[in-house]
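Morning, everyone. Please bring up the model on your screens, and I'll talk you through two places in it.

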Amino acid sequence: MAVLEENPLAEGLQVRRRPDSCVLTIFGASGDLTKRKLMPALYALAFRQLLPQKFAVVGVARTEESDDEFRERMKEAVQKFGRDEFRDEVWDRLAEGMRYVATDFSDEGGEDAVASALSELDEQRGTAGNRVYYLAIPPSVFPTVVDALGKRRSAEGWTRLIIEKPFGHDLESAQALNTALQKPFTEDEVFRIDHYLGKETVQNMLALRFANGIFEPIWNRQFIDHIQIAVAESIGIEGRAGYYESAGAIRDIFQNHLLQLLAITAMEPPIDFTAESVRNEKVKVLRALHTPGPKSVVRGQYGRGYVEGEEVPGYREEEGVAPDSVTDTYVAAKLYVDNWRWADTPFYVRMGKRMARRETTIAIQFKRAPHPPFEETAQDGLRPNVLLVHIQPDEGVSLAIGAKVPGQGMTIRTVHMDFLYGGAFRTGMPEAYERLILDTMLGDATLFTRTDEVEEQWKLVDAIVSAWKRDRPSFPNYAAGTWGPPSADELLHRDGRSWRRH
Ligand code: BG6
């Protein structure tokens, strides 16, 4: 503990204690996630001395590769995607405990090879039988791998599983995955990743609400007019047609990241910050979500257009996408949380690929002042108060307030009180995966989704998707580089409101 408190680099990844010695095994180690996110996250943790004293990493994938080739590839990945300067001594220490096992996931012999690599590491590096398995594998091989891991549990130490998305395709398949998991493992051994929960700014939403006395009393239907949540991405599907064609924005973003942002915004204060208390409150919100009618959901798909000055193809022209695909790359919806705090307060949400800009925000729009005593013309530039949480980029929080324009008359305009992470804290922003991998090693599941949350999320998605099956949308209906289809604007105009201006 003392070591960590004195470690200035650990700021932002507050650690209660150093994790137990363990081996982290990544199934699906040849994929993009390992290269872009997991290995750079491990390096960042090593850089800050936050990894266990005795630690090892095993990569498992189908591609034939030697330990050295794997290490070399991972080194390049860290140099390319890491957020810290590359230091040979940090890398060498991490790479020393790195192994690679080439196997087909469903092959018993392969599973034995993994198990024996792990026992060997226990002996060589003193990792004490403690295991973290990171499953970044297709859902089709998931039950076989989980079953094999259950059978080969080491006699000593603990075992924890990190499960990457997609966690199922609908409620039924998610339940089947949960059943497969629950046979050999208990819920507290399962860590379902939603990487948005690992983002600093998402956790800061909890701090903003529950560490300040001024927001909570007005955080309800009496003072809030409505809430807008946007997850806009400027990128397209980045060569992931195989996955995205059957997922769409509704399963890729709405089912997990978006609904988690909403749950955190709407939840009741938990009695403490433990996994069960926090997740108990979130799941109540998910349960209280009213299924939106067809008029309250808009879906879209991008056509050709310009993003950040560059011409980009339409979704149907992307490689691997059917020329008549009806996959949604944009979803907007009006949702209601049917409970005492939020009754009749709309949550307008939207998410899309190939939007004009990358921007994830939560905007809390308050009701207008009941009786502003100024002349109407004096308030021309005045908008209602908005608390805007910038999840990314330009991380921060901004409060829009009315202020007097300097001069003789009484003219009121909207100005912003801003908190910017870059200005307030010296430390860089940790990547979500750093926090989440560390939390798993510490056995803290607060920022992971529980079975019941995932299932509630799917119930809502299933209801929306089954309504979509009734008619064929006319796609594409928005140009790449815009903010979505016109029908999304109408969704708010009908209520006398509009999307937040960018
Ligand atoms: C992933 C989705 O879960 O989140 C991707 O599968 C998406 O399609 C990504 O691009 C967005 O994450 P971030 O952290 O860049 O906002």
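I'll start with the ligand and then turn to the cavity.

First, some ground rules. This is a predicted model, where local features need pLDDT of at least 70, side-chain atom pairs count only at pLDDT 80 or more, and totals for chains, interfaces and linings use all residues. Residues are numbered from 1 along each chain as its sequence is written, and side-chain values use heavy atoms, with hydrogens and water left out.

Now the ligand. Which residues surround the ligand? They are K165, H195, Y196, K199, E233, I235, R240, D252, H257, K353, R358 and Q392. To count, a residue needs a heavy atom within 4 Å. This shell holds 7 charged, 3 polar and 2 nonpolar residues. Here Asp, Glu, Lys and Arg are charged; Ala, Val, Leu, Ile, Met, Phe, Trp, Tyr, Cys and Pro are nonpolar; the others, Gly among them, are polar.

Look at the side chains. D252 has an N or O atom 2.6 Å from a ligand oxygen. For K353, that distance to a ligand oxygen is 2.7 Å. Q392 also places a side-chain N or O atom 2.7 Å from an oxygen of the ligand. On its own, the ligand has 400 Å² of accessible area, and the protein covers 83% of that. Those areas use the Shrake-Rupley method with a 1.4 Å probe.

Next, the lining of the largest cavity. Two strands, β7 (224–232) and β13 (347–352), each supply at least two residues to it. Strands here are DSSP runs of E, at least two residues, numbered from the N terminus. By class, the lining has 7 nonpolar residues, 1 polar and 1 charged.

Note on methods
Helices (H or I, at least four residues) and strands (E, at least two) are DSSP runs, numbered from the N terminus. A polar contact is a pair of N or O atoms within 3.5 Å; within protein, one must be able to donate a hydrogen and the other to accept it, and residues adjacent in sequence count only if both atoms are side-chain atoms.
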